[in-house]
Amino acid sequence: MGGVLLSLGLTLLGLLLITFIIGRIMPIDPVLKVVGDRATQAQYDAAYQAMGLDRPLWEQFLRYITDVVQGNFGRSISTGHPVAEDLKRVFPATVELATLGTLIGVLVGVPLGVIAAARRGGWIDQIARVVALVGYSVPIFWLGLMGLLLFYGILGWVGGPGRQGIIYDGMVPTVTGMILIDSLLAGDWGAFRDAFSHIILPASLLGYFSLAYISRMTRSFMLEQLSAEYIITARVKGMTERRVIWRHAFRNIMVPLITVIALSFASLLEGSVLTEIVFSWPGLGQYITKALLAGDMNAVLGGTVVIGTCFILLNLLSDILYRVLDPRSG
């Protein structure tokens, strides 16, 4: 366990080093972003010293680490608020969207991959391969626009862009920051239905891309197991095909499948930028994009650190589960 924690610490340190370097090499003057273009030289120099940019790089890096550990990412130029407060506000929206997308990907992708492997070469297998191919090929922003046009504009089956309609906006008390959960905690079923109608389409699109990856990996894992000797032995003993597939083969792929699901969830956390932009979803991806266009490096680096930390922690969680569930790892 000590080695895992040491590896975690070094990885986090590497992440902070990379973000620190990015903040220093970007062709954006952070001082000008604070004082403005019309500031005098004296005002510029005072801000330069106040921001600690006159100190050696190693000292700036140590100060940067200390601030990040304390949750201090500086102040956002775009919003005027501390970046930590902005991240606390926007990150739950991304987590909610990515979580529902991952659930859809798992609930559809895993059974599809298992059945495709069990009936290799059949029509279900062909469908699964086409689904995965389209999921990797079609741009998500195009699917988002077409989805809005069809399901919102023409059919009216789902809510439009944003997290809630105007009627319910701001009506649900914030507890977790995730509107579906907060509306349930408040017992407001109208707000829950409204929030669900807004999230279901973008979550389904992310879920589709997630299931494309999960189904392909599940199929690959299952094909490897179904060709193993213990499966042949089980069939010779007269076990039903259903039991062979789900009780034996599937059980043995659960360990690597956990890693695939964790990586898929992490990918949706950082890869939902285009989806959030198309659907005007006020999450972390949209926040970082707007900050980048505005040259707000404190917000960009703060969001990058949060996403990188999520990747690292999810990898750590999958590694721990791997050790717990796989008897061979002990």
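A salt bridge is here a side-chain nitrogen of Lys or Arg within 4 Å of a carboxyl oxygen of Asp or Glu. The legends below concern a predicted model.

**Figure 1. Salt bridge between Asp125 and Arg219.** The closest N and O atoms of Asp125 and Arg219 are 2.6 Å apart, and the pair therefore falls under the cut-off of 4 Å. Asp125 belongs to helix α6 (residues 123-137) and Arg219 to helix α9, so that this bridge links distant parts of the chain, 94 residues apart. Both partners are buried: Asp125 has a relative accessible area of 1%, and Arg219 one of 17%. A search of the whole structure finds four salt bridges, including this one.

Figure 2. Asp86 counts as buried, at 1% relative accessibility. Leaving aside residues up to four places away in sequence, Asp86 touches Ser76, Thr79, His81 and Tyr287. Asp86 also forms a salt bridge with Arg89, in which the closest N and O atoms lie 3.4 Å apart. The two residues are separated by about one helical turn, because they are three residues apart in helix α5. Arg89, at 47% relative accessibility, counts as partly exposed.

**Figure 3. Salt bridge between Glu241 and Arg235.** In this pair the closest N and O atoms are 2.7 Å apart. Glu241 is partly exposed at 37% relative accessibility, and Arg235 is likewise partly exposed, with a relative accessible area of 35%.

**Figure 4. The largest nonpolar core.** This core holds 42 residues, of which Leu16, Tyr64, Leu87, Ile199, Leu269, Leu284 and Tyr287 touch the most other members. At least two residues of the core come from each of several helices, among them α1 (2-25), α5 (83-118), α9 (189-226), α11 (241-271) and α14 (297-325). Another core, of 18 residues, lies apart from it and includes Leu223, Ala234, Val244 and Leu257. In soluble globular proteins, nonpolar side chains tend to be buried together.

**Figure 5. Contacts of Leu87.** Not counting residues up to four places away in sequence, Leu87 touches Phe73, Pro92, Leu284, Tyr287, Gly302, Gly303 and Val306. Of these partners, Leu284 and Tyr287 are named with Leu87 among the core residues that touch the most other members.

**Figure 6. Setting of the close-up views in the whole chain.** The protein chain contains 14 helices and zero strands, and buried residues make up 42% of its 330 residues. Among contacts between residues at least 6 apart in sequence, 71% join residues at least 24 apart.

How values were computed. Residues are numbered from 1 along each chain as its sequence is written. This is a predicted model: local features need pLDDT of at least 70, side-chain atom pairs count only at pLDDT 80 or more; totals for chains, interfaces and linings use all residues. Side-chain values use heavy atoms; hydrogens and water are left out. Helices (H or I, at least four residues) and strands (E, at least two) are DSSP runs, numbered from the N terminus. Buried means under 20% relative accessible area, exposed over 50%, partly exposed in between (1.4 Å probe, protein chains only). Contact means heavy atoms within 4.5 Å. A nonpolar core is a set of buried Ala, Val, Leu, Ile, Met, Phe, Trp, Tyr and Cys residues joined through side-chain atoms within 4.5 Å.
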